[in-house]
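Subject: Structure for you to look at

Hello,

Here is the structure I promised to pass on. Please open it alongside this note.

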Amino acid sequence: MSTSIRIAIDVMGGDRGPRCIVPAALRSLSLYPSLHITLVGAADIVEPLLSDAVVASDRLSFRPAREQILADDPPASVLRGKRDASMRVALELVRDGQVDGCLSAGNTGALMVLARAVLGTLEGIRRPAIMAALPVSGRLCHVLDLGANVDCPAEQLVEFAIMGAAAAAELSGNPAPRVGLLNIGSETHKGNRQVRQAAALLQVCPAINYVGSVEGDGLFRGEADVVVCDGFVGNVLLKASEGVAGYLQAELRSAVADSWLLRWLAPLVLDVTRRTRERHDPARYNGASLLGLRGVVMKSHGSADEEAILAAIGHTFKACQARLPERIAGRVRECGAVL
């Protein structure tokens, strides 16, 4: 019999809120038979959405929270106020061992600040990092940090590499994922001082399958399974990638609209490209892990629709099932001499 996985979901976060998140949560229960969900949010909004739900009561529970953290709330202010916010309550359920992990589509900065304060970081980890998987060259590439740490010393980049390698190994089944540092060239003398120092440290870390520097185009050619950078570079990379993808889709739609021949061939083209479009559908990869915490915390994109939330719940489930914090803590101990 499979072990039950318990997840708390902050249903008040994101652009679409409970009316999107609650249906996705209910659908996920049928996809993952061992999943138990605790919905956290405002009773007057959430309970009516559950009134007609047909689901085993022992796998779904509700925890009321009277307050909500808004998108424009300064991260520092949430530590002092909104003690009964849905995001905080979800994190406290993880801290108290009532659930194995939590998911929120709310304010990223607030989630990071609260997660550090409520859960704390693993021993040997200075700061958590945000990691997401990008579809590249027929596989997934796990990239971190994507915005939590703007300016990072070399030792912190090494921590990211250790955490990313441990997470990728558990989530992909590859025991020795290739780890690279995002850089402006593959030569050892390229890059800023922090990147060069991090490269020197990773080269003497036997627990990491370090493959050297990876340029931006090499990332999308699949030259590494884990790519490490500071949060400033990572966030620019992520937003630029999303922008290019959206731009190309818009250009394709425009080209089809301007040509009667392409409009006539559109059904055939769509059928031929269906698998590629599905593989690169952003909704499939929604859900970024906050690594380095004493618990599983997943961040959904704020604009996520029901399908994307469903994917993020699945990623949270798998991270809990893999016991990511424990795996990362073990890998950090292995690399202690390097750090």
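Predicted model: local features only at pLDDT ≥ 70, side-chain atom pairs only at ≥ 80, totals over all residues.

Residues are numbered from 1 along each chain as its sequence is written, and side-chain values use heavy atoms, with hydrogens and water left out.

Let's start with Asp 10, which sits in strand S1 (residues 5-10); helices (H or I, at least four residues) and strands (E, at least two) are DSSP runs, numbered from the N terminus. With a relative accessible area of 3%, Asp 10 is buried (buried is under 20% relative accessible area, exposed over 50%, partly exposed in between, with a 1.4 Å probe and protein chains only). Setting aside residues up to four places away in sequence, its contacts (heavy atoms within 4.5 Å) include Ile 21, Val 40 and Ser 104. The side chains of Asp 10 and Ser 104 also make a polar contact of 2.8 Å. By that I mean a pair of N or O atoms within 3.5 Å; within protein, one must be able to donate a hydrogen and the other to accept it, and residues adjacent in sequence count only if both atoms are side-chain atoms.

Asn 183 lies in the loop between strand S7 (178-182) and helix H7 (193-203). Asn 183 is buried too, at 10% relative accessibility, and its side chain has a polar contact of 3.1 Å with that of Ser 213.

(The expected span is 1.5 Å times one less than the number of residues.) Asn 107 caps the N-terminal end of H5, with a side-chain oxygen 3.0 Å from the backbone nitrogen of Gly 109. After H5 comes Gly 120, with a positive phi near 80°. Among the buried residues of H5 are Leu 111, Met 112 and Val 118. The elements that the buried residues of H5 pack against include helix H4 (86-95) and strand S5 (129-136).

Finally, some backbone details. Leu 144 and Asp 145 are joined by a cis peptide bond, with omega about 5°. Lys 82 is not a glycine, yet its phi is positive, near 50°; Lys 82 is partly exposed, at 26% relative accessibility.

Best wishes
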